[in-house]
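Here are my notes on this one, as numbered points. Have the model open while you read.

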Amino acid sequence: MASREMKANFCPSVNSDGVNSPKLLAAGIEFITENQDRPFFLYYASPLPHTRWKPHERFAGASEQGTYGDVIQEIDWQVGKLMQTLDKLGLTDNTLVITASESGPNTNTEAAPAD
């Protein structure tokens, strides 16, 4: 139980950057894997769509919508990896996945560059 509580308290730094986002994904996959034999709830809230945008280097420049588009592509990839984990473990048919988005930041301009 201590491991489960520790994972539930995982929180990346406030910066929305390409360093912490992969750590969040790894923690989500690990949580699903460790809890596959019992009911679980995973709230996966990526910090990426909030300003100051800095996608992981693998997604930087990947979209035609600027940096914001890059981070949206990264989030889509992350959700895909979580879904692949559910599939691999045979959990997809017995799992409810809900995706949601708030209105997000103004996308008419680029965010201030990240440090």
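**Notes on the model**

1. Let's begin with the pocket. The largest pocket holds about 1200 Å³ of space. For the terms: on a 1 Å grid over the protein atoms alone, a pocket is an open set of points where a 1.4 Å probe fits, with protein on both sides within 12 Å along at least five of seven lines, and lining residues have an atom within 4 Å of a point. The volume is the space filled by probe spheres set on the points, which are joined across faces, edges and corners.

2. This is a predicted model, so local features need pLDDT of at least 70 and side-chain atom pairs 80 or more, while totals for chains, interfaces and linings use all residues. Residues are numbered from 1 along each chain, and side-chain values use heavy atoms, with hydrogens and water left out.

3. On confidence: pLDDT is the predictor's confidence in each residue, from 0 to 100. The chain averages 78, and 70% of the residues score at least 70. Helix α3 (residues 66–88) comes out highest with a mean of 92, and helix α1 (residues 2–8) lowest with 41. Residues 1–16 have pLDDT below 50, yet beyond near neighbours in sequence this stretch has 22 contacts in the model (heavy atoms within 4.5 Å). Where pLDDT is low, the coordinates should not be read in detail. Helices here are DSSP runs of H or I, at least four residues, numbered from the N terminus.

4. Back to the pocket lining. Of its 34 residues, L42, Y44, V97, I98 and T99 lie nearest the centre. Helix α3 gives the most, with 9 residues. By type, the lining has 21 nonpolar, 10 polar and 3 charged residues (Ala, Val, Leu, Ile, Met, Phe, Trp, Tyr, Cys and Pro are nonpolar; Asp, Glu, Lys and Arg charged; the others, Gly among them, polar).

5. Leaving aside neighbours within four places in sequence, G28 contacts L42 and L82. P22, also in α2, is partly exposed at 34%. Its C-alpha is 9.7 Å from that of E74, 52 residues away in sequence.

6. Finally, S63 lies in the loop between α2 (20–34) and α3. S63 is buried, at 15%, and its side chain reaches the backbone nitrogen of Q65 at 2.9 Å. Beyond four places in sequence, S63 contacts G69, D70 and Q73.

How values were computed. Helices (H or I, at least four residues) and strands (E, at least two) are DSSP runs, numbered from the N terminus. Buried means under 20% relative accessible area, exposed over 50%, partly exposed in between (1.4 Å probe, protein chains only). A polar contact is a pair of N or O atoms within 3.5 Å; within protein, one must be able to donate a hydrogen and the other to accept it, and residues adjacent in sequence count only if both atoms are side-chain atoms.
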